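I opened my notebook and went through this structure one feature at a time. Here is what I looked up.

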Amino acid sequence: MADYQHILLAVDFSDEDTYVARKAERLATFFNAKLSVIHILDNIPMPDTAYGTEIPLYSDSPYELLQIEKNKLIHTANQLTIDPTNLWLIWGKPEIEIIRIANREDIDLIVVGSHGRHGLALLLGSTASGVLHHAQCDVLAVRLQDEWAESTILAYS
């Protein structure tokens, strides 16, 4: 098995991102791999912006919600000491854009969080499921505990 050279961490800025990010960081350290981070904008309005558009991180935006997302991604990168050239903020559908960047950047491993609540997404989460089924590289779906699972575990402990 070849070592991983380039790991892509997909973040959604949920409360669990730090947990997933630390796993990706440990893997990058273990394999001496480059670590990159991607965040896909899919839940804020982006007038006159086509899906697949990469958003420049270091220019101010007149859209407050977009500026907030930029700041979160930059903050995440700073915590992980990631080079700014290894960050992507893209407007689009998460699983499509994650895979597109992974292919373009020769990513060996994609790391995503997985809530596991709906349909096949019951096992993985819709984004994690889409990435897993269509990526041409390895995918690590980090299992996240949701409040329901935690309360169920506590009830039976």
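**Entry 1: The fold**

I began at the N terminus and followed the elements of the chain, which run β-α-β-β-α-β-α-β-α-β-α. That comes to five helices and six strands. I noted at once that this is a predicted model.

Next I looked up how much of the chain is covered. The chain has 157 residues, and 46% of them count as buried. Its accessible surface comes to about 9,000 Å². Carbon and sulfur atoms own 53% of that surface.

I also checked how far apart in sequence the contacts reach. I took the contacts between residues at least 6 apart in sequence. Of these, 74% join residues at least 24 apart.

**Entry 2: Ile90**

Is Ile90 buried or exposed? I found 0% relative accessibility for Ile90, so it counts as buried, the cut-off being under 20%. Ile90 lies in strand β4, which covers residues 87-91.

Which residues does Ile90 touch, leaving out those up to four places away in sequence? I listed Ile38, His39, Ile40 and Leu41, then Gly52, Thr53 and Glu54, and finally Glu97, Arg100 and Ile101. Ile90 and His39 are 51 residues apart in sequence. In space, their C-alpha atoms are 6.6 Å apart.

**Entry 3: Helix α4**

Which residues of helix α4 are buried? Helix α4 spans residues 126-134, and its buried residues are Ala128, Ser129, Gly130 and Val131. I then looked up what these residues pack against. Their partners are α3 (94-104), β5 (109-114) and β6 (138-143).

**Entry 4: Salt bridges**

Side chains of opposite charge can pair when their charged atoms come close. How many salt bridges are there? The count comes to seven.

I looked up the pair Glu25 and Arg22. Their side chains meet in a salt bridge, at 2.7 Å from N to O. Both sit in helix α1; because they are three residues apart there, about one helical turn separates them. Glu25 has 23% relative accessibility, so it counts as partly exposed. Arg22 has 30%, and it also counts as partly exposed.

Then I turned to Arg100 and Glu54. Their side chains meet in a salt bridge too, at 4.0 Å from N to O. This pair links distant parts of the chain, with Arg100 in helix α3 and Glu54 in strand β3 (residues 53-54), 46 residues apart. Arg100 is partly exposed at 30% relative accessibility. Glu54 is partly exposed as well, at 35%. I remembered both names from the list of residues that Ile90 touches.

My last pair was Lys93 and Glu95. In their salt bridge, the closest N and O atoms are 3.6 Å apart. Lys93 is partly exposed, with a relative accessible area of 39%. Glu95 counts as buried, at 16% relative accessibility. I also noted a network: salt bridges that share partners join Glu54, Glu97, Arg100, Arg104 and Glu105.

**Entry 5: Positive phi**

Most residues other than glycine have a negative phi.

Phe13 is not a glycine, yet its phi is positive, at about 65 degrees. Phe13 has its place in the loop between β1 (6-11) and α1. Its relative accessible area is 17%, so Phe13 is buried.

Thr81 has a positive phi as well, near 50 degrees. Where is Thr81? I found Thr81 in the loop between α2 and β4. Thr81 is exposed, with a relative accessible area of 70%.

I finished with the second largest pocket. About 200 Å³ of space lies in this pocket. It is lined by 13 residues, and the closest to its centre are Asp17, Thr18, His75, Thr76 and Gln79.

Which helices each supply at least two residues of the lining? I noted α1 (17-31) and α2 (64-79). Sorted by class, the lining has four nonpolar, five polar and four charged residues.

Key: Residues are numbered from 1 along each chain as its sequence is written. This is a predicted model: local features need pLDDT of at least 70, side-chain atom pairs count only at pLDDT 80 or more; totals for chains, interfaces and linings use all residues. Side-chain values use heavy atoms; hydrogens and water are left out. On a 1 Å grid over the protein atoms alone, a cavity is a set of points where a 1.4 Å probe fits but cannot get out, and a pocket is an open set with protein on both sides within 12 Å along at least five of seven lines; lining residues have an atom within 4 Å of a point. Grid points are joined across faces, edges and corners, and a volume is the space filled by probe spheres set on the points. Helices (H or I, at least four residues) and strands (E, at least two) are DSSP runs, numbered from the N terminus. Ala, Val, Leu, Ile, Met, Phe, Trp, Tyr, Cys and Pro count as nonpolar, Asp, Glu, Lys and Arg as charged, and the others, Gly among them, as polar. Buried means under 20% relative accessible area, exposed over 50%, partly exposed in between (1.4 Å probe, protein chains only). Contact means heavy atoms within 4.5 Å. Accessible areas come from the Shrake-Rupley method with a 1.4 Å probe; for residues, only the protein chains shown count as cover.
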